Amino acid sequence: MADLHLTIDNSTDAERISVDAVLAPDARVVIHESERLVRGGMARKNDRRHLLLPALHALQADIGWISAGGLNYISDVLQVPPAEAYGVATFYELFRTEDPGHSDSTVHVCMDTSCHIAGAEAFAQALEADGKQVHRGPCLGQCERAPAQFVQGRGAADSVPADADNIASPGAFLSIQRAAGDTGGLRLLANVGVVDPTSLVSYREHGGYVALEKALSMGGQAVIDEVRLAGLTGRGGAGFPTAIKWQGVADEQGRPKHVIANADESEPGTFKDRTLMENDPFALIEGLTIAGVSVGAENGWIYIRGEYPLATTRLTNAIEQARTAGLLGVDVMGSGFDFDIVLHTSAGRYICGEETALLNALEGKRANPRAKPPFPQVSGLWGKPTIVNNVETLCNLPGILAHGVGYRLVGTERSPGTRLFCLSGHVANPGVYEVPQGTTLGEMIEIAGGATGSTRAILMGGAAGSFIDADQLDMPLTGEDTRERGTTLGSGVITLFDDTVDFVLLLTRITEFFKSESCGQCVPCRVGTTRQHEVIVEMGVRGSLSEERNTLIDDMALAMADASICGLGHTAAGAVQSAIRLGLIGSAL
Amino acid sequence: MNLHQTAVEREFGTQVTVKINGGDFTVDEGDTILTACTQAGIDTPTICYAENLTPVNACRVCVVEVEGNRTLVPSCSRPVEEAMVISTDSDRVKHSRKMVLEFLGTANDLSEAPQINEWSTEYGVDITRYAEGAERFDQPVKIQDNLYIRDYDKCVLCYKCVDACGEEAQFTFAIAMSGRGFDNRISTEFDVALPESACVYCGNCIAVCPTNALQFKTEFDLRQENNWREEEQTVTQTVCSYCGVGCNLELHVQDNQIVKVTSPADHEVTNGMLCIKGRFGWKYV
Ligand SMILES: Cc1cc2nc3c(=O)[nH]c(=O)nc-3n(C[C@H](O)[C@H](O)[C@H](O)COP(=O)(O)O)c2cc1C
Ligand code: SF4
Ligand code: SF4
Ligand code: SF4
Ligand code: FES
């Protein structure tokens, strides 16, 4: 090849077979150019760039790592410069670019918050003693089962051992997902344990797709108006009003438009989206389709984290069944509206859930967040108007359309409806709970069976949130009430820590999380998260924080919050600063 | 630089009025805040910005405060808007600029980045107040050929070399960002040596590097010998004679020897970019 310069490393037959199996036939055509790549050539290269991740996934799964020869083959087939492909491969948690030297599956063990206090390190060591290949990593979204593991298969499909029960009887988790008694019943979790998540027929028998039919007959603008009346806000962390975001895209002229379900769910302590996708996958498909109708988008995407094999299987099946039934594809439900969904599997990285990083990831690039403005509504996926919404946000849509103003009957005036909360840590019945917004923190914890032990602190909103004292139990769980008390709902994380917890070790891990999850693009976060971790490690050794270090922590926090590009940097010091404020760490032992 | 304007707009474009540190200034619509500040006579530190590259706004040293924005904004990439209220000297701005410079000082070897050091002094940087054993960028110097070296201990990950090698100029894509977080590194695929990579030795990456992480082998050798005397060097302008394109060359001469070759970033033919012949051809003359 004239211009795409490849090293001499050759691919093996096995590597070529592996890659060819996932690339669509037309994507396999190799275009050899005799001239230097020019802009036209670039455009063609970018055409297939988004297939880079699937190809890397294939090599990782089949060969166990991405070799120089294998990378060359992918680069050649997709016309992606190998240096860039290498940059992408080295970005993700689930990819290895060094020969692991064994052919076993890898057991990923979560080291974060709930798993940390549930003995993750001892668990990892026990697995190692058992001869397993263990990788210690970030939150796996199974905090209710702490300590959690995920098996990255080698010569076998990826799996989560704890899923076995759920596969055998899909409603098995019902016992730990309840709503408060006086709520008028479950909405988001209504189908869980009731509808067979593998059957479209079952979903429709329970009222599924009535909402889409209604949306199609109402028309896009009417749907947006309905969502505005319902007062739906985003459940991904920022709490942005959904209708405003949608209106922005509906008003844009650019075509095609995209709607994306953000199913990356990687905030430590969060596992609600997994619960929804595993137990009620059709609701997400229907919700995303409604979003597409409302803004006139033809393309739907679900960006799901790579550590959710059961949710991935269920969604794949749901998409196929919906397509076969004419609920996706050309002329959805005979309406003349075309809409289809692509399921994209990530490869591990908290930052991929940041909406603009997610766009880059979908395009086959390193998942570095983009500068905003321009916002995705104006310039999103491949520069086109794009909506990114959290899974739970989208799963609210069928209910909103079905119930109309009834949606507002529960919750508060400013925060109507119900919301999912992920309770874990030192609580009797860890799990996902649906309660009306405005339920107090104390009530929420009681519904989850109450705290175990004597609660010393509660982490709200996950690692990106902040610690609060156990005396805040009267706090209503809404965005505005939590903000007023200087904390956050985030993605609905409530993690309890009793008075036996070693907070220095816990904060050491939380700061390590930010250090290793920073994409490294901008200086305040790349260096700031590293320096912050080092100060906490040093505190562990010295036993306390000096005046000088306290100042440094605040100085770094302000710069990260003020000058970082994205939310990861903006929130990276929240847990540390709140822990110091509450006296969980910092003072002499 | 104006990022979003067409030639016609530049000719007949609209103007907007912004407030910078209390004073009113009228600038072209589509101009960046950085351009507006420069026109207002205000110096702004920049590291990842270059006039001949699209801003990546990664270093964040150029941040300013804009009323109505929750966080500070990068002046190098944010376009001005009518009635924007900008502050470049508030405590918040000074703090973040200082912290960025301080962070870089704790991580990298900035000994050959005099401009950055000047700013560090101006903003009162103190790199000694960090935890013991703070991790540094630490990389051995890569000397893989006779043309230029890569001393990534000096690399502040500004993306300029990557962009100059890729879509912004050279379209060779020999180097890219790899790794993650603090372990981000500019690298060829699998870190293969440059001669085995796609590199065509245009040296455009060297030209844009703000920290001397990339430098001519001649410069590196002279520095090793403690014999790099920049003040004494003369710069001669000439036009490259290898082909008919007409690239402007600046020959840097020390002791009657060419020690490096650059091209002005604002030169209309080159935009500062050259090819191997102009950049390194003198080595073989
Ligand atoms: C570091 C980081 C990680 C994020 N991860 C997720 C995620 O996994 N899922 C999600 O829905 N939103 C995540 N977000 C928030 C998204 O950027 C975005 O705000 C959200 O998807 C919008 O959807 P919503 O309006 O429905 O909440 C993350 C944000 C940041 C800064
Ligand atoms: S704040 Fe952190 S994660 Fe976000 S862009 Fe900057 S380095 Fe990347
Ligand atoms: S010398 Fe030219 S081709 Fe080689 S890495 Fe630098 S910019 Fe790329
Ligand atoms: S080598 Fe130089 S130009 Fe390249 S990223 Fe590092 S500092 Fe920037
Ligand atoms: S110069 Fe603006 S962010 Fe680097």
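The model is predicted: local features need pLDDT of at least 70, side-chain atom pairs count only at pLDDT 80 or more, and totals for chains, interfaces and linings use all residues. Residues are numbered from 1 along each chain as its sequence is written, chains are lettered from A and ligands numbered from 1 in the order in which they are written, and side-chain values use heavy atoms, with hydrogens and water left out.

**Exercise 1. Determine whether Phe190(B) is buried, partly exposed or exposed, and state its phi.**

Step 1. The loop between strand S8 (185-187) and helix H6 (204-208) of chain B holds Phe190(B).

Step 2. Phe190(B) has a relative accessible area of 22%, and is therefore partly exposed.

Step 3. Phe190(B) is not a glycine, yet has a positive phi of about 50 degrees.

**Exercise 2. Describe the residues around ligand 4 and ligand 1.**

Step 1. Ligand 4 is surrounded by 14 residues, and the closest are Cys155(B), Val156(B), Cys158(B), Cys161(B) and Cys209(B). By class, this shell has twelve nonpolar, one polar and one charged residues.

Step 2. Around ligand 1 there are 19 residues, of which Gly236(A), Lys245(A), Asn389(A), Asn390(A) and Thr393(A) come nearest.

Step 3. A polar side-chain atom of Asn390(A) is 2.7 Å from an oxygen atom of ligand 1. An oxygen atom of ligand 1 also lies 3.2 Å from a backbone N or O atom of Arg235(A). A polar backbone atom of Gly353(A) is 3.3 Å from a nitrogen atom of ligand 1.

**Exercise 3. Characterise the interface of chain B and chain A.**

Step 1. The contact (heavy atoms within 4.5 Å) involves 51 residues from chain B and 61 residues from chain A.

Step 2. The two chains bury about 4,600 Å² between them, with 57% of it on carbon and sulfur atoms. Buried area is the accessible area (1.4 Å probe) that two parts lose on being put together, summed over both.

Step 3. Four salt bridges are found across the interface. A salt bridge is a side-chain nitrogen of Lys or Arg within 4 Å of a carboxyl oxygen of Asp or Glu. The side chains of Glu132(B) and Arg542(A) meet in a salt bridge, at 3.3 Å from N to O.

Step 4. Helix H3 (91-107) and strand S7 (176-178) of chain B each supply at least two residues of the side that touches chain A. H3(B) gives the most to this side, with nine residues. By class, the side of chain B that touches chain A has 25 nonpolar, 14 polar and twelve charged residues.

**Exercise 4. Explain why His533(A) counts as buried, and list its contacts.**

Step 1. His533(A) is part of helix H21 (residues 523-542) of chain A.

Step 2. His533(A) counts as buried because its relative accessibility is 12%.

Step 3. Not counting residues up to four places away in sequence, His533(A) touches Thr508(A), Thr511(A), Glu512(A) and Lys515(A). A polar atom of the His533(A) side chain lies 3.3 Å from the backbone oxygen of Thr508(A).

Key
Helix = DSSP H or I, 4+ residues; strand = E, 2+ residues; numbered from the N terminus. Buried < 20%, exposed > 50% of the residue type's maximum accessible area, 1.4 Å probe, protein only. Polar contact = N/O pair within 3.5 Å; in protein donor to acceptor, adjacent residues only side chain to side chain. Near = heavy atom within 4 Å. Nonpolar A, V, L, I, M, F, W, Y, C, P; charged D, E, K, R; others polar.
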